[in-house]
Amino acid sequence: MAQHHVGASEGSGDGDTVASACDVAPRVIDPDSLTPSAAFDVRRFRHGAWHQARDDLAEEVPVALEFNGISHVVMLATPADIEDFALGFAMSEGILNDRRECYGVDVTATVQGITVHLEISSRAFAGLKERRRNLTGRTGCGLCGTESLDQVLRALPAAGEPLRVSHAALASAYAGLARHQPLNGVTGAVHGAAWCSVQGEILCMREDVGRHNALDKLIGALARDARPFDCGFVLMTSRASVEIVQKAAQVGIPMVAAVSAATALAVRTAADAGVALVGFVRGEQCVIYTGGAALDDSARPQ
């Protein structure tokens, strides 16, 4: 189908649409004052009246990831736990097979955003160059740096032994979410990825404006602490979309739970990879999509 683009020189007649020039300069970032949130003056309607107030809003800045000096991807992320984010992204996207393949991480902030320089092994860098050699097009951030359509549904490692988790443990983890999300408590605008023990204790939490960013930060934090990925489960404060399942499967996390629903593609991917997937984890309820054997059956179906 032919496409017609309206240029600035078109539309000279009455009622015609004229494309306006880009006359607003890009917002400059202050690299010396990057914080996860910022306060703004707002007007709030409450109890039938307007009020002047101060509101804390979540920050999001461009974060560019470079591997051995080669730019790979730019994401919008909350400027916190950036080293965790970079390492977790590299692992969850299959760039690194092991955290020891990352030799160093250097973070630089400029007026344009944050650049993270990662030094990685020659094996990992060769694989990354081969991936880029096959580049056929860029995607949106929802696919977390995927470079071509044939990489969207990439091959994943098969899950190991299933994790035995009770419904009471899921309920306990859900009950602890709010007190482990200080940034969301202030802004109400960020997702959280929680690392939970089989007893439902939240052992680590990372937050970000992007749900997949939050999971990458969590994976990076676990890797930096040399924690095994197969002895706990992830609880997301979002829906369970396919990239969440892919990232978990890539590093060997056996179970993903989410407070909202799963997508159909996420369920199919979890079933293929052997990842237990649970949705609508909210207090006394949950929905098992895959890996039902991983949850104890003390509460018999009615």
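## Largest pocket

The lining of the largest pocket is made up of seven nonpolar, two polar and four charged residues; Ala, Val, Leu, Ile, Met, Phe, Trp, Tyr, Cys and Pro count as nonpolar, Asp, Glu, Lys and Arg as charged, and the others, Gly among them, as polar. A pocket is an open set of points on a 1 Å grid over the protein atoms alone, where a 1.4 Å probe fits, with protein on both sides within 12 Å along at least five of seven lines; lining residues have an atom within 4 Å of a point.

The volume of the largest pocket is about 280 Å³, taken as the space filled by probe spheres set on the points, which are joined across faces, edges and corners. R27, V28, I29, D30 and E59 are the closest to its centre among the 13 lining residues. Two or more lining residues come from each of β1 (37-46) and β3 (61-67).

## Basis of the model

The model is predicted: local features need pLDDT of at least 70 and side-chain atom pairs pLDDT 80 or more, while totals for chains, interfaces and linings use all residues. Residues are numbered from 1 along each chain as its sequence is written, and side-chain values use heavy atoms, with hydrogens and water left out.

## Chain

The protein chain has seven helices and twelve strands, assigned as DSSP runs (helices H or I, at least four residues; strands E, at least two) numbered from the N terminus. Of its 302 residues, 43% are buried, that is, under 20% relative accessible area with a 1.4 Å probe, protein chains only.

## S241

S241 sits in the loop between β9 (233-236) and α6 (242-251). S241 is buried, at a relative accessible area of 4%. Beyond its neighbours within four places in sequence, S241 contacts R211, T263 and A266 (heavy atoms within 4.5 Å).

Methods: Buried < 20%, exposed > 50% of the residue type's maximum accessible area, 1.4 Å probe, protein only.
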